[in-house]
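Q: Hey, I've got a protein open on my screen and I'm a bit lost. Can we go through it together, bit by bit?

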Amino acid sequence: MLGDSTMTPYTLDRRPQMGWGEAMPQFFNSSVTVKNWALGGRSSRSFYYEATRWPAILPQINNGDYVIIQFAHNDQKYGADYAVYGTYAFCSDGSGNGETCSGATDAIDTTVDKSEHSYYQFLKKYVSEIKAKGGKPILMSPIVRKYFSGTTITGEGQHNVGIKTGETYARGDYVAAMKAVATQYSVPFVDLTAETKTIVESYGDAAATANLYIAADSTHPQVLFANLIAKRAVEGMKGLSILSDYMVPVSSLIASPNTLAWSTRYVSVPSTKSVTLSAFDLTPAASTVTVTAPSSEFQLSLDNTTWASSVSIPYTNSAFTSTLYVKFTPAAVQDYSGVISFALGGVAMSNTIAVSGSGVAAGAGVDSYASWFTAGTVLTPVTDGLVTASDVTVSGLTATTAKVLAVDGQDTTVARYTAVSAARVATEYLQFAVAPSSGTFNVDTISAYLTTSGGSTVQADMEYSTNADFSASTKLNTAAALSFSKDTMVKNEFGVTIVVPAGKTLYLRIYPWNTAGTTGKSLALYNVKVSGKVAQ
């Protein structure tokens, strides 16, 4: 599988985001191996030249292998990104004939032939090189973006793209270009654009936002949508008699995450976590799924208010998405483990959620943390353990558009704040506040993923104080200001020993500035985190 962030695999800490390629293996028996080479941020052009992508993949393709190809989202990049990523559907001179897109200088990147920025031409390269190895290419058009006009996905959402800033010609219809390659070179084609358009429009804008796409943008699938896309891809292959003898029926319920670990918790003190449940192709089409906890220490709820040892989820249309809340209250000083089980219409399902935790006596330490900016631009913190935290305080800075950057190698939507001043200014900062809900919070780690975005000139300081006026603060980056490579997220982690007693609050500030003193530069942030143990 060759593609971008809509297809690539994600680690569980990125849930509910999921690439649809992750869902493909479940539709095939053990005779089929799925190798998902998709990677976030890649276009048909950049994937072709990147050393760890196509040059590394092509030698591994063997006679008879099927190769699914899905690009276009990042082909639409422009401006400074055009040289590496950008393509026109057919040709940068406005032509709609991909076969003739060669033999002249590109209209924008004058250092190369115009074929170097043609989506059609790159699809043609993949197809011809796969066939030369004895492989069997399958072209699958890109999933739609959630761009609604009324009740319909717009042309832009279907990858029929107009004129980009600073350009002369419309980028063109990428789906039409892929269809043209499929026809010209007799390649099987699955129209995932049309299939996903039908799915998303059937949900409508609000429900698609809640159930299909991640909260941060209108491009990346949640778990349910990823599975629905994979299902349509497999159905398209079956209709083309590709691997149909190896396909297996799937009735799927996915729990994300599928493991909940509480570590240490005080006896009799409850702590709650949540799971997103997504299901599709359930039989019968309307029934009830019952969820059951393993023991009385684990309680379940669908509204985070009413708790019981089991809950029932009615559904229609063979599918549902629901949030399941799980509360762990250890009754004694001991370890607890088990599985949350599921039954459909009274019949046990194979799905489970592993749960575990340990009860400790008062005076022992309970693992606790607060983190911010884990969901794009959302200012609300995520906490675990015995701490409370406040929304991010923004002083003297302006939020700009969120951006998708690689965090630990995975596409992630990150928050960005403009930095205009040429040097650090005392009133320009982001502040994060966390306090123990009881006992003493012994902080041992402070970390944040940061980078400069829009340019390479943004720097930052990180400091903390336990005083509300931020007096007597301590700088974490003691040697020098934090500096970064443009749009390259790096985890800045500091081991600390900070005692925050009951009634006190730890304040963390990040001060960004732009050494060039120009506009359009920003500090990008993800997962600003304060962690340690709370002891009574």
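Q: Let's start with α4. Which of its residues are buried?
A: Before we start, keep in mind that this is a predicted model. In α4, the buried ones are Y119, Y120, Q121, F122, L123, Y126, V127 and I130.

Q: Some of those numbers are three or four apart. Why does spacing like that matter in a helix?
A: An α-helix has 3.6 residues a turn, so residues three or four places apart point the same way.

Q: How does the length of α4 compare with what it should span?
A: It agrees: the 14 residues of α4 should span 20 Å at 1.5 Å a residue, and the end C-alpha atoms are 20 Å apart.

Q: What comes after α4?
A: G134 follows α4, and its phi is positive, near 85 degrees.

Q: You mentioned α5. At what angle do α4 and α5 pack?
A: About 40 degrees, and their axes are 9 Å apart. The crossing of these two helices, α4 and α5, is right-handed.

Q: Which residues make that contact between α4 and α5?
A: From α4 you have Y119, Y120, L123, K124 and V127. From α5 it's Y174, A177, M178, A180, V181 and Q184.

Q: Let me click on V181. Is V181 buried or exposed?
A: V181 counts as buried, because its relative accessibility is 0%. You'll find V181 in helix α5.

Q: And what does V181 touch?
A: Leaving out residues up to four places away in sequence, V181 touches Y120, L123, K124, V127, L139 and S186. Take L139: V181 and L139 are 42 residues apart in sequence, while their C-alpha atoms are 8.8 Å apart in space.

Q: Nice. Switching topic: what is a disulfide, anyway?
A: It's a covalent bond between the sulfur atoms of two cysteines.

Q: How many disulfides does this one have?
A: The count comes to one disulfide. C91 and C101 form it, with their sulfur atoms 2.3 Å apart. The C91 and C101 pair is ten residues apart, and both cysteines sit in the loop between α3 (82-85) and α4 (119-132).

Q: Which hand does the link of C91 and C101 have?
A: It's right-handed, with 80 degrees about the S-S bond.

Q: Are C91 and C101 buried or exposed?
A: C91 is buried, and C101 is buried too.

Q: Back to helices. How do α6 and α7 sit against each other?
A: Helix α6 (residues 192-211) packs against α7 at an angle of about 165 degrees, with the axes 10 Å apart. An angle over 145 degrees counts as roughly antiparallel, so α6 and α7 are roughly antiparallel to each other. The way α6 passes α7 is a right-handed crossing.

Q: Which residues of α6 and α7 meet?
A: On the α6 side they are L192, E195, T196, I199, V200, Y203 and N211. On the α7 side they are L224, F225, L228, I229, R232 and A233.

Q: How much of α7 is covered?
A: It's mostly covered, as 13 of the 17 residues in α7 are buried. From first C-alpha to last, α7 reaches 25 Å, close to the 24 Å expected at 1.5 Å a residue.

Q: What follows α7?
A: That's S241, with a positive phi near 60 degrees. S241 is not a glycine, and its place is in the loop between α7 (223-239) and β8. S241 counts as exposed, because its relative accessibility is 60%.

Conventions
Residues are numbered from 1 along each chain as its sequence is written. This is a predicted model: local features need pLDDT of at least 70, side-chain atom pairs count only at pLDDT 80 or more; totals for chains, interfaces and linings use all residues. Side-chain values use heavy atoms; hydrogens and water are left out. A disulfide is a pair of cysteine sulfur atoms within 2.5 Å. Helices (H or I, at least four residues) and strands (E, at least two) are DSSP runs, numbered from the N terminus. Buried means under 20% relative accessible area, exposed over 50%, partly exposed in between (1.4 Å probe, protein chains only). The expected span of a helix is 1.5 Å times one less than its number of residues. Axes are lines fitted to C-alpha atoms, for helices over the stretch in contact, and angles run from 0 to 180 degrees between N-to-C directions. Angles under 35 degrees count as roughly parallel, over 145 as roughly antiparallel, 65 to 115 as roughly perpendicular and the rest as oblique. A crossing is left-handed if the near helix is turned anticlockwise from the far one by less than a right angle, and right-handed if clockwise. Contact means heavy atoms within 4.5 Å.
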